[in-house]
Every structure is written in C-alpha cells, then in structure tokens.
Amino acid sequence: MCLTTLLYCLLKKMQKFFFNITTNEQEGLYSLYLHKCPGPKPQSSDKFSFNLDIEITEKNPKSFLSAGEIPLPKLYISMALFFFLSGTIWIHILRKRRNEVFKIHWLMAALPFTKSLSLVFHAIDYHYISSQGYPIEGWAVVYYITHLLKGALLFITIALIGTGWAFIKHILSDKDKKIFMIVIPLQVLANVAYIIIESTEEGTTEYALWKDSLFLVDLLCCGAILFPVVW
C-alpha cells in the first residue's frame, strides 16, 4: 500500500506535524510533497523562492530500522557462522587429502572466511543503526573494505579456475594476464558503486546512475571471467 502525505502550504513560521502508524493497514511507503498554494490570481510564470530545512525522525517501537530490515543483524550473524563453519569443514577436507590439493583449493578456502568476516561487520553496522539511528563510520568503512576484498577474491578465483591455473598449467599466459587486468579494476569499480548506493538516498539522481553502473559493471565482470572458458 502506498500512501501520500501532502503539505500544501509553506508558511514563513516553523511548522511541525506528527504521523503515527498504529495499525497494520497504515503500514506502507509514504511520500512527502511540498506544494505552493495558488493565490487569488495564479500565474504560470509566477516564481517562488524559499529555503527549507527538514528534520525527519523515523523509528519503529524498538528499532530505527524499517520493518523489513529489523531481522537483518541476526540474519547476517547467522550466515557469518554458516560461512565460517563451511570454511572450517573445507580446510579439514584439504588437510586430509593433501596429495590431491592444488593451490587454487587454498584460495577457495579463503573465500568463506572473507565472506564471514564481511557479514560480521555488516551485522555490527546494522546493529548501531538499529540502536542509535545512524551508522558508526569506522564499522561501515571496515565492512566496505572486507566487502571489496571478498568480491575481488571471488572473481579472481573464478577467473583462475576458468584459465585452468594450478590444474592444467602453473603459469598464466599473456592472454590470461590481460583478463585479470580487466576483471580486477571492474570489480573495484563495482564495489565502489555498491558503496555509493548504500550511502546514498534512493530518490537522488546519483543513486539511479550508480545503480545502473553497478548492473553494467557486474555484467562485464561476468562476461570477462567466462571469456577464458570459451576462448
């Protein structure tokens, strides 16, 4: 359900209003629009200049997160434990079968631990948003760094598997090196776009631009890592 709250008149003095959602039927997406009240003789060429300062506080009964985001901290912690357990089991298997293990297997073992660490920092970031209403910059930066490392490591591992490194050959050819020169910068750009999307309001122009850029760069990364397979 999408409801719209209209503020029709902009007065010179400060105005305050409150809107409480008390029933399930009132839950939904709300928008705030500012309109100029037409005078007795409205003219299309009439211009109206004003300065506006808005302070909005949105809070659920026990959290500053939206209803759909409240379970996220616990979910991220649970998934972090799952990935950590998966990585531990994978390392145990590698240690038992040392004769059949290649270097790429150890690189694959680093993936679940990096993902687990990223989810832990993401959960901590959401916890502070839930309790205080705003993120702690330090935890957010650490999460973005681990998220970038996880994404880069994932695409590097997939590209190495596609080139046959450690299975068929132990040295990358010049063509393979060119693939990595394309994939790694694209993955860094994709993570930068993701960080900007996470820290930008959805209604801004930059949000739509970086969202489209993220989709395009991810598509290019997928094509680049599949290229060695069909080359």
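These are my notebook entries on a predicted model of one protein chain.

**Entry 1: the whole chain**

I began by counting the elements. I found 5 helices and 2 strands in the protein chain. Reading along the sequence, I wrote the pattern down as β-β-α-α-α-α-α.

Next I looked up how much of the chain is covered. The chain has 231 residues, and 26% of them count as buried. I noted an accessible surface of about 17000 Å² for the protein chain. Carbon and sulfur atoms account for 63% of that surface.

**Entry 2**

I needed a way to describe a pair of helices. Two packed helices are described by the angle between their axes and by the distance between the axes.

How far apart are the axes of H1 and H2, and at what angle do the helices pack? I took helix H1 as residues 72-96 and helix H2 as residues 103-132. Their axes are 8 Å apart, and the angle is about 165°. An angle over 145 degrees counts as roughly antiparallel, so H1 and H2 are roughly antiparallel to each other. I recorded the crossing of H1 and H2 as left-handed. In the contact of H1 with H2, I listed 20 nonpolar residues, 6 polar ones and 2 charged ones.

**Entry 2: H2 against H3**

I then moved on to helix H3, residues 137-163. The axes of H2 and H3 come within 8 Å and cross at roughly 155°. By the cut-off used in the previous entry, over 145 degrees, H2 is therefore roughly antiparallel to H3. The crossing of H2 and H3 is left-handed. For the contact of H2 with H3, my list has 18 nonpolar, 6 polar and 3 charged residues.

**Entry 3: two residues of H3**

I picked Leu-149, which is found in helix H3. Is Leu-149 buried, partly exposed or exposed? Its relative accessibility is 48%, so Leu-149 counts as partly exposed. I also looked up a C-alpha separation for Leu-149. Asn-191 is 42 residues away along the chain, and the two C-alpha atoms are separated by 9.3 Å.

I picked Thr-163 as well, which is also found in helix H3. Buried means under 20% relative accessible area. Thr-163 has 9% relative accessibility, so Thr-163 counts as buried.

I went on to Leu-209, which is placed in helix H5, residues 205-230. The cut-off for exposed is over 50%. Leu-209 has a relative accessible area of 52%, so Leu-209 is exposed. I noted 9.3 Å between the C-alpha atoms of Leu-209 and Ile-197, which are 12 residues apart along the chain.

**Entry 4: a loop residue**

Where is Gly-28 found? I found Gly-28 in the loop between strand S1 (2-7) and strand S2 (29-34). Its relative accessible area is 48%, so Gly-28 is partly exposed. Gly-28 and Ala-67 are 39 residues apart along the chain, and their C-alpha atoms are separated by 9.9 Å.

Key
Residues numbered from 1 in each chain as written. Predicted model: local features only at pLDDT ≥ 70, side-chain atom pairs only at ≥ 80, totals over all residues. Heavy atoms only, no water. Axes fitted to C-alpha atoms, helices over the stretch in contact; angles between N-to-C directions. Helix = DSSP H or I, 4+ residues; strand = E, 2+ residues; numbered from the N terminus. Parallel < 35°, antiparallel > 145°, perpendicular 65-115°, else oblique. Left-handed = near helix turned anticlockwise from the far one by under 90°. Nonpolar A, V, L, I, M, F, W, Y, C, P; charged D, E, K, R; others polar. Buried < 20%, exposed > 50% of the residue type's maximum accessible area, 1.4 Å probe, protein only. Areas by Shrake-Rupley, 256 points an atom, 1.4 Å probe, with all protein chains shown as cover.
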